[in-house]
Amino acid sequence: MKKSSFFISIFAAFAAMYLSSCSNSENGKVEFIPFQETVDGQWGMISMTGEVLFSEEFKTKPTVVKDGRFFVKKKNGGWEMYSSDPKPKRIGSEYAHVSGFNNGVALVSEKGKPVSIIDTDGKPLKVLDRLEGKQIDGVRPFKNGYAVFMTEDSLYGAINKKGDCVVKPHYCSLNDCGDGKFIGINEKYKKDVASKKKDKIKISVINSDGNILFEINGGKYSDIGESYSNGILAVSVKKDAKEVWGLIDDKGEIVVKPTDKIKGIGSISGDMFSYNNGEGWGLMNIKGETLIRAKYEYLYCDVDGSILALMKKNEGTYEYKYVNEKDEQIGDDTYVRATVFSMFDGEHAIVKPNDKIFSIINKEGKQLEGLPDIVDVSTYEGEDYVSSDYVDLKKMMQELNISETTLADFSFKTTPKEAVALLVKAGQTSGDKSHPAGTPYWFDYTSNVGFSKKVAGVMVYTNIEFNDNLSRQTYRTKRVIDYTIGDYYWYHDDKIPTGYVWNKTNVRNLSLFIGNDGRMRGKLRDVFTTLCAKFKTFGKIVKENNGAACYSLNNGNRAFIAMKKENVFALWGSGIKDFDQIDIAEFENVSEEDDMSKISFGYLNKLFPDNIKDSELDTDTVAAIDTAAVDLAY
């Protein structure tokens, strides 16, 4: 299917940096960071002044230490909290999801429970199960004293550190707090955003009391920055079909007029900001004066006038150095990788002088002496989206509307046109001026319609498969005379395309896929058992083990349910192989896998995500259910 890209793309972060997220004093200082002294060794903790708290202590990578606390992920996927002592002490419960601490509080969800705010003793300060009458799906970490939460119906609001709702969940998009302000789009514009009707949208700038300071017409700027910094916000406009950038203040007034000299704006610090002129990155002030010529691969404005510069060494190779606003180098060295000072305590940064070792430098660019061997470090603070771990399986089954003949809004009586209409309603297909979304033109290549949807707060994938492609191209015949001889002539018929129409084809199978992302982590066995019990009421079991079950349904169809390491899926209909051709041995004794790298990074704080309605399952997930369906179909 052809897909059109969204009309606004948020400016990319400093992707080339080894460590990309930054904190500041408002978000608490990093006291210790995890480090390894040997390749594949265990993890210890070292302070930003070079003090080793402990070494070779944890097999899995801990989070950084803030407020004297850090978290370690267990083999079973749960998190434990520890004190930053030479002999760390475990504190509190086991958690399914965690953020780092931020000035004395952290966001966590215990196994099977909603998100809570806890203190450094692990004491719950407030349970965030419902806010403003809505069930909470999850919460992003605290930033500048506030945290953005998302409700089960995908609306956003914000809380303070006490858990009080300061911005009500009336926004279909809401960025993290910057300078005491949020940037969001009210839920009344949700359809306009999904339909890309930019001119009908109002972008709200909201203060920490939830009051709208002013609104920006969606068509006024082609892009805007993620948050305010020092009272200013980056914005861009189209000029001669090219995007140019400038700055506005917290009243919406122009501070730096968008100009051809500025093709992009990166970081802002005080009255300085990094900019791109189309050829490189430099430094400018809000008066529009160039402080550093645009000659770098990137510049990041840090605290106290420090600037991290990325330079191209040769083809495919880059190096970092620190400079001031006069482009004078701080220290004598350049580095393979480097971080900003504001990521930690504002006084020190992590650098990698060569490919083998890391070091710590001070604000003068001097490497600290007496450091142990540091072959790897981590600055991970916790999950970017702390999901509720509470799942109501009974409610999930009810909302999925599973029967012998139905799944959610699909049924075996659904037509291709009706199935595609559901896809359009979900906002997970697109079109163009010549061929609007949901018209037969887009579906002559496939016999399936599938999309992700929220069910009881969990993203699931539902699919309907037909016996033939959903649509077909239509033609008219034009007879063409090739040549004549006397009373005889020879001809051929040309097929002239006339359009596309829906096919009249029956439903072959319905299928459901539930992965172990987010709040579903650790719950696949329960889901499998619940689905098996459900289908047992629709017919009889032909064969089964503890990871798969085959059913002969009362209506003559077949059903197959299986649990894999990362998901559970169910498939039922007339298009499933005879059960003697299906080997269920591969599913026996399967256990849910908890990949240590599969950490939720949740809902990005972009004002205009590609699909503002709901996050879609990734392509690997969709491929998994499609592959399962193919393997089981005759």
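Buried means under 20% relative accessible area, exposed over 50%, and partly exposed in between, with a 1.4 Å probe and protein chains only.

1. Basis. This is a predicted model, in which local features need pLDDT of at least 70 and side-chain atom pairs count only at pLDDT 80 or more, while totals for chains, interfaces and linings use all residues. Residues are numbered from 1 along each chain as its sequence is written, and side-chain values use heavy atoms, with hydrogens and water left out.

2. Tyr322 and Tyr335. Both residues fall under the definition above: Tyr335 is buried at a relative accessible area of 2%, and Tyr322 is buried, also with 2%. Their rings form an edge-to-face aromatic pair, 6.1 Å centre to centre with 65 degrees between the planes. Rings of Phe, Tyr and Trp (its six-membered ring) pair if their centres lie within 6.5 Å; planes under 30 degrees apart count as stacked, over 60 as edge-to-face and the rest as tilted. Tyr322 belongs to strand β28 (residues 317-323) and Tyr335 to strand β29 (residues 329-335), so the pair links distant parts of the chain, 13 residues apart. Strands (E, at least two residues) and helices (H or I, at least four) are DSSP runs, numbered from the N terminus.

3. Phe54 and Phe70. The structure holds 23 aromatic pairs. In one of them, the ring centres of Phe54 and Phe70 are 6.0 Å apart and the planes meet at 40 degrees, so the pair is tilted. Phe54 is in strand β3 (residues 52-58) and Phe70 in strand β4 (residues 69-73), so the pair ties together parts that are 16 residues apart in sequence. Phe54 counts as buried at 5% relative accessibility, and Phe70 is buried at 0%. Phe54, Phe58, Phe70 and Tyr82 form one aromatic cluster.

4. Charges over rings. A charge sits over a ring if NZ of Lys or CZ of Arg is within 6 Å of the ring centre and within 35 degrees of the ring normal. The charged end of Lys495 is placed over the ring of Tyr475, 4.4 Å from its centre. Lys181 lies over the face of Tyr228, with 5.2 Å to the ring centre.

5. Strand β11. This strand (residues 134-139) is mostly covered, as five of its six residues are buried. What are its partners? Strand β10 (residues 130-131) runs antiparallel to β11 and is joined to it by two bridges; strand β12 (residues 146-151) pairs with β11 in the antiparallel sense over three bridges; and strand β34 (residues 386-387) is antiparallel to β11, with two bridges. Two strands pair if DSSP finds at least two bridges between them. Individual bridge partners are Lys134 in β11 for Leu131, Met150 in β12 for Gly138, and Val386 in β34 for Val139.

6. Turns beside β11. β10 and β11 form a hairpin with two residues between them, and Glu132 in the turn has a positive phi of about 55 degrees. The hairpin of β11 and β12 has six residues between the strands, and there Asn144 takes a positive phi near 55 degrees.

7. Open sheets. Strands of a sheet pair through backbone hydrogen bonds, either parallel or antiparallel. Strand β1 (residues 32-36) is joined to strand β2 (residues 43-47) by five bridges and runs antiparallel to it; Phe32 stands opposite Ser47 in β2. Another open sheet has four strands in the order β18-β19-β20-β21, and its pairing is antiparallel. Its edge strands, β18 (223-224) and β21 (254-259), each pair on one side only. Two bridges join β18 to the antiparallel strand β19 (residues 232-239), and Asp223 stands opposite Ser236 in β19.

8. Thr334. This residue is in strand β29. Is Thr334 buried, exposed or partly exposed? Thr334 is partly exposed, with a relative accessible area of 33%. Leaving aside neighbours within four places in sequence, Thr334 is in contact (heavy atoms within 4.5 Å) with Met311, Glu319, Tyr320, Lys321, Gln329 and Pro353. The side chains of Thr334 and Glu319 are joined by a polar contact of 3.2 Å. A polar contact is a pair of N or O atoms within 3.5 Å; within protein, one must be able to donate a hydrogen and the other to accept it, and residues adjacent in sequence count only if both atoms are side-chain atoms. Thr334 and Asn354 are 20 residues apart in sequence and 9.4 Å apart in space, C-alpha to C-alpha.
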